Amino acid sequence: MSNERISIVKLWFKKADNDFKTIENNLLSKEPPTDTICFHAQQSIEKYIKGALIYFEKHITKTHDLVNLLTLIDEYIPELNTFEDEFHEISRYGVEVRYPDIFYDPTLEEAKKAYETALKVKEIVLGRIKI
């Protein structure tokens, strides 16, 4: 694997980790913005999967659909398939919570669940990718 590709993968993971920092900071607030937490959970999952796809030399598409990305990463990290149901829900957070015309305000429980799923995805991806 080229050093350039490793650098790109690391950048994807760094951006995902910044999403985690945003989530963690928001969870500490008096009234956590659950839409923001859910959005960044979706973003972190998306970035870890896209980084993994680059690592495995697969083409990545411009999509926020985590289930779509799951089909692309399946042959390399099949254990992520256990999150398909969660990915259906969390994919909504990549778009719906961002705009007021289709605004959806997740509960704190939903936000924490999305965050926990994102942490598990990170753990699995990093367990398969050694950089």
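Reader: Where is the place of glutamate 57?
Author: Glutamate 57 sits in the loop between helix 2 and helix 3. Helices here are DSSP runs of H or I with at least four residues, numbered from the N terminus. Before we go on: this is a predicted model, where local features need pLDDT of at least 70, side-chain atom pairs count only at pLDDT 80 or more, and totals for chains, interfaces and linings use all residues. Residues are numbered from 1 along each chain as its sequence is written, and side-chain values use heavy atoms, with hydrogens and water left out.

Reader: Is glutamate 57 buried or exposed?
Author: Glutamate 57 is exposed, with a relative accessible area of 56%. Exposed means over 50%, buried means under 20%, and partly exposed is in between (1.4 Å probe, protein chains only).

Reader: What about phi of glutamate 57?
Author: Phi is near 60° there, a positive value in a residue other than glycine. Most residues other than glycine have a negative phi.

Reader: New topic. How do helix 2 and helix 4 pack?
Author: Helix 2 covers residues 34–55 and helix 4 covers residues 84–92. They pack at an angle of about 120°, with their axes 9 Å apart. That makes helix 2 oblique to helix 4. Angles under 35 degrees count as roughly parallel, over 145 as roughly antiparallel, 65 to 115 as roughly perpendicular, and the rest as oblique. The axes are lines fitted to C-alpha atoms, for helices over the stretch in contact, and angles run from 0 to 180 degrees between N-to-C directions.

Reader: Which residues meet there?
Author: Gln42, Ile45 and Ile49 in helix 2 meet Phe87, Ile90 and Ser91 in helix 4. Contact means heavy atoms within 4.5 Å. By class, this contact has four nonpolar, two polar and no charged residues. Ala, Val, Leu, Ile, Met, Phe, Trp, Tyr, Cys and Pro count as nonpolar, Asp, Glu, Lys and Arg as charged, and the others, Gly among them, as polar.

Reader: And helix 3 with helix 4, what angle do they cross at?
Author: Roughly 140°, and their axes come within 8 Å. That makes helix 3 oblique to helix 4 as well. Leu66, Val67 and Leu70 in helix 3 meet Glu84, Phe87, His88, Ile90 and Ser91 in helix 4. That contact has five nonpolar, two polar and one charged residues.

Reader: Which residues of helix 4 are buried?
Author: Phe87, Ile90 and Ser91 are buried. Seen down the helix axis, the buried residues fall within an arc of 105°, so they line one face of helix 4. The arc is that of the directions from the helix axis to the C-beta atoms.

Reader: What covers them?
Author: The cover includes helix 2, helix 3 (66–73) and helix 5 (108–128).

Reader: What does Phe87 touch?
Author: Leaving out residues up to four places away in sequence, Phe87 touches Ile45, Ile49, Leu66, Val67, Leu70, Thr117 and Val121.

Reader: How many residues has the largest nonpolar core?
Author: It has 34 residues. Those with the most contacts inside it are Ile45, Ile49, Ile73, Leu80, Phe87 and Val125. A nonpolar core is a set of buried Ala, Val, Leu, Ile, Met, Phe, Trp, Tyr and Cys residues joined through side-chain atoms within 4.5 Å.

Reader: Which helix gives the largest share of this core?
Author: Helix 2, with 10 residues.

Technical notes:
Helices (H or I, at least four residues) and strands (E, at least two) are DSSP runs, numbered from the N terminus.
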